[in-house]
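Me: I've got a model open and I'd like to learn how to read it feature by feature. Can you walk me through it?

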Amino acid sequence: MILIIGGSGFLGYYLHQSLRKLEEKVISTYNKSMIDEENFYELDIRKVVDVSKFLIKYKPRILIYAVGITDVDLCERNKKLANAINVEGIKNIIEHITDTDTKIIYFSTSFVFDGTKKFYLETDKPNPISYYGESKLQGEKIVQDSGLPYAIIRTDQPYGWKKNWHHTNSVIRVLEKLQEDKTYNEIIDWYNTPTLVDDIINATKKLLKNNNNGIFHIVGTDFMNRVRLAEIVANVFELNKKNIKIINSSKLKLSAKRPNVKLKSIKDQKINNRMSSLHEGLKKMKENMEEGFKFKMNHGEDLKKGN
């Protein structure tokens, strides 16, 4: 059995939908966002007794930890909450796994690094500069020290179509802003590697199939600032990029520092999963518009699913 902790989230939900097509049974948990679908169960990972009962009952062969507080500024302002989910949550799970052969898949972030190097490999030493990054690094260490087989997947800026209960992502946010046909601010000094959620899922499935263990950097091919990202989104979806106003992040007076981290991998051959460029990922999105998510293109037509 495969168990996804955080199956209601953006990555967890689509991972569940993909894995359930395999022969092995897949179940997932949710907390605040109720999922009224088969094999979804409510679980608050902060409640130790509930976690223990749940894991005793289901005894997963593979446990995927896809839950987390990813709002960088919220983590900085509310370290207690970030610690409860990003650190104590995975600790509660690890401590109550009864099968010592259970494999852990733990999703982490580029923010475990400080951004002072040109790029970072799996072998580089982490040094987070935000509490979000620190909390995710602590989670990584708990997994590594568990004695269980594991794969830690570090990624950056997952994007793709989302369900209405999901938080936004970098591409959806740009589409929504440009759809309003008003000037909006985009940050020129934040750099990321946008990664198509489908690619993350495919890479995860290959790691599971090949039974790979260790740390893996799974990211798209393009390292760019947010302005360039927005411009590419506008070009692909034929929206007015003149509405993008360039600003520096210092004007926002945010709580947390953002490192500009470029992840690279020395393990590409082990995974053998082709990652999309941003342009390729956006073209795939455009070809697979979900019903209910439509927006006006700058020539006045509606872009609909399949067009």
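Predicted model: local features only at pLDDT ≥ 70, side-chain atom pairs only at ≥ 80, totals over all residues.

Reply: Let's start with helix packing. Two packed helices are described by the angle between their axes and the distance between the axes. Here, helix 5 and helix 6 pack with their axes 9 Å apart, at an angle of about 10 degrees.

Me: What do I call the arrangement of helix 5 and helix 6?

Reply: Angles under 35 degrees count as roughly parallel, so helix 5 and helix 6 are roughly parallel to each other.

Me: Which residues of helix 5 and helix 6 meet?

Reply: From helix 5 you have Ile-90, Lys-91 and Ile-94, and they meet Gly-139, Ile-142 and Val-143 in helix 6. Sorted by class, that contact has four nonpolar residues, one polar and one charged.

Me: Which residues of helix 5 are buried, and what do they pack against?

Reply: The cut-off for buried is under 20% relative accessible area. In helix 5, Gly-89, Ile-90, Asn-92, Ile-93 and Ile-94 are buried. The buried residues of helix 5 pack against strand 1 (2–5), strand 4 (62–65) and strand 5, and also against helix 2 (48–58), helix 4 and helix 6.

Me: And what are the length and the buried residues of helix 6?

Reply: Helix 6 covers residues 131–144, which is 14 residues. From first C-alpha to last, helix 6 reaches 20 Å, close to the 20 Å expected at 1.5 Å a residue. Its buried residues are Tyr-131, Tyr-132, Gly-133, Ser-135, Lys-136, Leu-137, Gly-139, Glu-140 and Val-143. Among the elements that the buried residues of helix 6 pack against are helix 3 (72–77), strand 5 (103–109) and strand 6 (150–155).

Me: How do helix 9 and helix 11 pack?

Reply: Helix 9 (residues 226–236) packs on helix 11 (residues 278–287) at an angle of about 40 degrees, with the axes 10 Å apart. That makes helix 9 oblique to helix 11. Their crossing is right-handed. Leu-229, Ile-232, Val-233 and Val-236 in helix 9 do the meeting, with Leu-278, His-279, Leu-282, Lys-283 and Lys-286 as their partners in helix 11. The residues of this contact divide into six nonpolar, one polar and two charged.

Me: Now the backbone. What should I look for in phi?

Reply: Most residues other than glycine have a negative phi. Lys-59 has a positive one, near 45 degrees. Look for Lys-59 in the loop between helix 2 and strand 4. Lys-59 counts as partly exposed because its relative accessibility is 48%. Gln-157 also isn't a glycine, and its phi is positive at about 45 degrees. Gln-157 sits in the loop between strand 6 and strand 7 (158–159).

Me: What about single residues? Is Gly-6 buried or exposed?

Reply: At 10% relative accessibility, Gly-6 counts as buried. You'll find Gly-6 in the loop between strand 1 and helix 1. Leaving aside neighbours within four places in sequence, Gly-6 is in contact with Gly-12, Thr-29, Ala-66 and Val-67.

Me: And how far apart are Ile-247 and Ile-187, in sequence and in space?

Reply: They are 60 residues apart in sequence and 5.1 Å apart in space, C-alpha to C-alpha. Ile-247 lies in strand 13 and counts as buried at 7% relative accessibility. Setting aside neighbours within four places in sequence, the contacts of Ile-247 include Asn-185, Ile-187, Asp-189 and Leu-252.

Methods: Residues numbered from 1 in each chain as written. Heavy atoms only, no water. Axes fitted to C-alpha atoms, helices over the stretch in contact; angles between N-to-C directions. Helix = DSSP H or I, 4+ residues; strand = E, 2+ residues; numbered from the N terminus. Parallel < 35°, antiparallel > 145°, perpendicular 65-115°, else oblique. Left-handed = near helix turned anticlockwise from the far one by under 90°. Contact = heavy atoms within 4.5 Å. Nonpolar A, V, L, I, M, F, W, Y, C, P; charged D, E, K, R; others polar. Expected span 1.5 Å × (residues − 1). Buried < 20%, exposed > 50% of the residue type's maximum accessible area, 1.4 Å probe, protein only.
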